[in-house]
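Subject: Structure for you to look at

Hello,

Here is the structure I promised to hand over. Please open it and keep it beside you as you read.

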Amino acid sequence: MKILFTTESYYPDMCGVSNVVTKLAEGLSSIDHDVTVFTEKRDREFSSHNGVKIIEFNVKGNVLSGYKGEVEKYKNSLLAYDGDVVINECAQIWSSDLAFDILDNLKLKKVFHSHGY
């Protein structure tokens, strides 16, 4: 199965969300799923970690202040993703809120994984 996670925070970030998403993504990868993570640009010196592909987007902001950076690139990458499922981590962060804008146009199964919303 081809699985896409969208999350503002991912390895090597150290917070609750990044730890949970990293464990889920790496666990699914370890049982032969093709796993990709769309996340915030952190100038990582790697494009994959423990079998998980990491694609960074230079996006900042929120629904109140507005979004800046590679907003259209992110949305177009979501629309172009050829996979089975997208898992949006958390609400009220750019990676999910921008995905919600185009959710009906995504041709894959969608999962919202809340971390306390």
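Below is what I found, going from the overall fold to the inside.

Keep in mind that this is a predicted model.

Start with the fold. The chain has three helices and eight strands. Their order along the sequence is β-α-β-β-β-β-β-α-β-α-β. The radius of gyration is 13 Å, close to the 13 Å from the globule rule for 117 residues, so the chain is as compact as a globular protein of that length. Along the principal axes, the C-alpha atoms fill a box of roughly 40 × 30 × 30 Å.

Next, contacts. Take those between residues at least 6 apart in sequence: 55% of them join residues at least 24 apart.

Now the surface. The accessible area of the chain is about 6,400 Å². Carbon and sulfur atoms account for 52% of that. There are 13 positive and 17 negative side chains. The centres of these two sets lie 2 Å apart.

Then the inside. Of the 117 residues, 44% count as buried. In soluble globular proteins, nonpolar side chains tend to be buried together. The largest nonpolar core here has 15 residues. Val 59, Tyr 74 and Leu 78 touch the most other members. Helix H2 (71–80) and helix H3 (94–101) each supply at least two residues of this core.

Look closely at Tyr 74. Leaving out residues up to four places away in sequence, its contacts include Phe 38, Phe 57, Val 59, Trp 94 and Leu 98.

There is also a second, separate core of 14 residues. Among them are Val 17, Val 52, Val 85 and Ile 87.

Best wishes

Key. Residues numbered from 1 in each chain as written. Predicted model: local features only at pLDDT ≥ 70, side-chain atom pairs only at ≥ 80, totals over all residues. Heavy atoms only, no water. Helix = DSSP H or I, 4+ residues; strand = E, 2+ residues; numbered from the N terminus. Rg over C-alpha atoms; globule rule 2.2 N^0.38 Å. Buried < 20%, exposed > 50% of the residue type's maximum accessible area, 1.4 Å probe, protein only. Contact = heavy atoms within 4.5 Å. Areas by Shrake-Rupley, 256 points an atom, 1.4 Å probe, with all protein chains shown as cover. Lys, Arg positive; Asp, Glu negative; His and termini not counted. Charge placed at Lys NZ, Arg CZ, Asp CG, Glu CD. Core = buried A, V, L, I, M, F, W, Y, C linked by side-chain atoms within 4.5 Å.
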